Amino acid sequence: METYLDINNDSGVKAYKIGEDYITVWFNGTVQPYTYSYRKAGKNHVERMKGLARSGDGLNSYIMYYVKKLYD
């Protein structure tokens with residue numbers, strides 16, 4: 001698990017874990033992690049989320065707009 005940098009200090013994401021075909025995200029105030037996979041969210045979304053996670057900016061907004069309910 002990697003700590004999300006949150007460079008603008010405005011995100012609900014606290015940590016993430018990147019796998020080959022998924023990303024697991026931990027949100028502030030929740031115990032349960034959410035896993036977004038190629039199977040459910042699609043390859044393009046998951047790869048975009050991986051990039052946002054690594055950059056430390058925009059991940060929470062992307063999830064809320066595009067894949068909010070597409071977790072496994």
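Leaving aside its neighbours within four places in sequence, which residues is threonine 3 in contact with? Lys14, Ala15 and Tyr16, where contact means heavy atoms within 4.5 Å.

Before going on, the conditions. This is a predicted model, in which local features need pLDDT of at least 70, side-chain atom pairs count only at pLDDT 80 or more, and totals for chains, interfaces and linings use all residues. Residues are numbered from 1 along each chain as its sequence is written, and side-chain values use heavy atoms, with hydrogens and water left out.

Back to threonine 3. The residue sits in strand β1, residues 2–3. Threonine 3 counts as exposed because its relative accessibility is 62%. The classes are buried for under 20% relative accessible area, exposed for over 50%, and partly exposed in between, with a 1.4 Å probe and protein chains only. Across the strands, threonine 3 stands opposite alanine 15 in β2. Valine 13 is 10 residues from threonine 3 in sequence, and the two are 8.9 Å apart in space, C-alpha to C-alpha.

Now the whole chain. Its secondary structure consists of three helices and four strands, and along the sequence the pattern reads β-β-β-β-α-α-α. The radius of gyration is 11 Å, close to the 11 Å that the globule rule gives for 72 residues, so the chain is as compact as a globular protein of that length. That radius is taken over C-alpha atoms, and the rule is 2.2 Å times the number of residues to the power 0.38. Along the principal axes, the C-alpha atoms fill a box of roughly 30 × 25 × 25 Å. Of the 72 residues, 38% count as buried. Among contacts with a separation of 6 or more, 41% are between residues 24 or more positions apart. The chain exposes about 4500 Å², and carbon and sulfur atoms supply 46% of that area. Accessible areas come from the Shrake-Rupley method with a 1.4 Å probe; for residues, only the protein chains shown count as cover.

Next, the strands. Two strands pair if DSSP finds at least two bridges between them. β1 and β2 run antiparallel and are joined by two bridges. β2 and β3 are also antiparallel, with five bridges, and they form a hairpin with three residues between them. β3 and β4 run antiparallel with four bridges, and valine 25 stands opposite tyrosine 34 in β4. The hairpin of β3 and β4 has six residues between the strands, and in it glycine 29 takes a positive phi near 80 degrees.

On to helix α3. Which residues of α3 are buried? They are Leu59, Asn60, Tyr62, Ile63 and Val67. These residues lie on the same side of α3, because they cover an arc of only 160 degrees around the axis; the arc is that of the directions from the helix axis to the C-beta atoms. They pack against β2 (13–18), β3 (22–27), β4, α1 (38–41) and α2 (43–55). The face turned away from that buried side carries the exposed residues Ser61 and Tyr65.

Last, the aromatic residues. A search of the whole structure finds five aromatic pairs. Rings of Phe, Tyr and Trp (its six-membered ring) pair if their centres lie within 6.5 Å; planes under 30 degrees apart count as stacked, over 60 as edge-to-face and the rest as tilted. One of the pairs is tyrosine 36 with tyrosine 71, edge-to-face at 6.3 Å centre to centre and 85 degrees between the planes. This pair links distant parts of the chain, 35 residues apart: tyrosine 36 is in strand β4 (residues 34–37), and tyrosine 71 is in the segment after α3 (59–67). Tyrosine 36 counts as buried because its relative accessibility is 2%, whereas tyrosine 71 is partly exposed at 30%. Another pair is tyrosine 65 with tyrosine 66, also edge-to-face, at 4.6 Å centre to centre and 80 degrees between the planes. Tyrosine 65 counts as exposed at 65% relative accessibility, and tyrosine 66 is partly exposed, with a relative accessible area of 43%. Finally, Phe27, Tyr34, Tyr36 and Tyr71 form one aromatic cluster.
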